[in-house]
Amino acid sequence: MTVYLDHAATTPLRPEVLEAMLPYLTEHHGNPSSIHGSGRRARLGLDEARETVARIVGAKPREIVFTGSGTEADNLAIKGAAWANSARGRRVVTSSVEHKAVLHACAVLERNGFEITYLPVDRYGRVDPADVAAAITEHTTLVSVMYANNEVGTVQPIQEIGSVCRERRVLFHVDAVQAAPFLSLDVDDLQADLLSLSAHKLGGPKGAGALFVRQGTALLPQLSGGSQERQRRAGTENVAGVAGFARALDLVQADANAREEENARQAALRDRLVDGLLALAAVELTGHPAERLPNNASFLIEDVEGGDLVAALDLEGIEASTGSACTTGSVDPSHVLLAMGIDEARAHGSLRLTLGRETTTDDVDRMLDVAPRVIERLRGARAEVAATASAAPA
Ligand code: PLP
């Protein structure tokens, strides 16, 4: 049996979610913009899903825009809000540890004459709200900071940053893609004007996301076409995907007590994993020791290439991640780890293990059984290569 420890990458579709999707993949095939019965049935599914998502985040249904992914939600939020408010100013503030969906959207703005401030983080990956306050000028229209980091799991002081933005009358976008299965998403508590979600990170299907857009927030659509989603996102809606998304979100978020119980269960397993791996020589935890997602255990493992470790674990039936993007065989050092002050050489030894609802104690123990052997073997191989290289004639 494969042990899947890569839930930050994606999660298995929950059976209840598939059940919620199936009618829209079979009998309710209509286009929600059509006025006939089939269209109206699809529209009803879309409306119900919108109501569910709105209820979970404490918003009005009209404030929810369905998108094709978390990436699209981030792009719509950042480019859409920056352009729509560009007459007031062309400055955007974000952090240096954001997902590429945010960083690359900001880079596009930068190429179009916007000025972007990339806030530093501390060694745990946390943004200081005082730095947000200091970075805002009269020309700043938007601040974008993620709720929780996808690589190291660090949770940001979102409420405090939200307060700063509210006080300074600057729009606040929160990328809540990783936080969504675990943390409260109440947009008023968070003081968020824009909030991104993605279905496949919480037991939903891939290819469905949402952006909360607070009423009155000007947004320039990023797709040209039909008038779907109140003219904020053209394109026929993915009705089945959206229905599955709403069901998945409801399953993790509707009952706060159940959510906390599951968080505690995963955190206990996570701690078992962390304790076990930290007992090995030259292994270090990355991310905040306490302010972190309950499912995230991220490490730096000295004298090991993260990509090699992930490949070796895969051969043992354990699916993990380095936490950074792989490019044709080599692993780029993570921008998140570099921003946290970790040097490039050490950043190569990153390992991210992310737990989920179906993760068991046996899964964790299997990892703890396999890891020491695999790490020792990789370190041995590296030492041998180094010794051969130094013995070779110049
Ligand atoms: N934002 C964060 C923090 C993420 O972790 C991800 C996915 O890894 C995304 C955005 C993008 O979401 P999607 O895969 O739905 O495009």
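Predicted model: local features only at pLDDT ≥ 70, side-chain atom pairs only at ≥ 80, totals over all residues.
Residues are numbered from 1 along each chain as its sequence is written, and side-chain values use heavy atoms, with hydrogens and water left out.

Entry on α11. I listed the buried residues of helix α11 (residues 306-315) and got Gly306, Leu309, Val310, Ala312 and Leu313, where buried means under 20% relative accessible area, exposed over 50% and partly exposed in between, with a 1.4 Å probe and protein chains only. They lie on the same side of α11, because the arc they cover around the axis is only 165°, taken from the directions from the helix axis to the C-beta atoms. Their cover includes β10 (296-301), β11 (318-319), β14 (350-354) and α14 (361-391), contact being heavy atoms within 4.5 Å.

Entry on residues with positive phi that are not glycine. Aspartate 303, in the loop between β10 and α11, has a positive phi of about 60° and counts as partly exposed at 43% relative accessibility. Glutamine 231, found in helix α8 (residues 228-231), has a positive phi of about 65° and counts as exposed at 57% relative accessibility.

Entry on α1 and α9. I found that the axes of helix α1 (residues 15-25) and helix α9 (residues 239-253) come within 8 Å and cross at roughly 155°; axes are lines fitted to C-alpha atoms, for helices over the stretch in contact, and angles run from 0 to 180 degrees between N-to-C directions. That makes α1 roughly antiparallel to α9, the term for angles over 145 degrees. On the α1 side the contact is made by Glu16, Val17, Ala20, Met21, Tyr24 and Leu25, and the α9 residues include Val239, Ala243, Arg247 and Leu251.

Entry on alanine 256. This residue lies in helix α10 (residues 256-278) and is partly exposed, with a relative accessible area of 38%. I also looked up its C-alpha atom, which is separated by 8.0 Å from that of serine 184, 72 residues apart along the chain.

Key. Helix = DSSP H or I, 4+ residues; strand = E, 2+ residues; numbered from the N terminus. Parallel < 35°, antiparallel > 145°, perpendicular 65-115°, else oblique.
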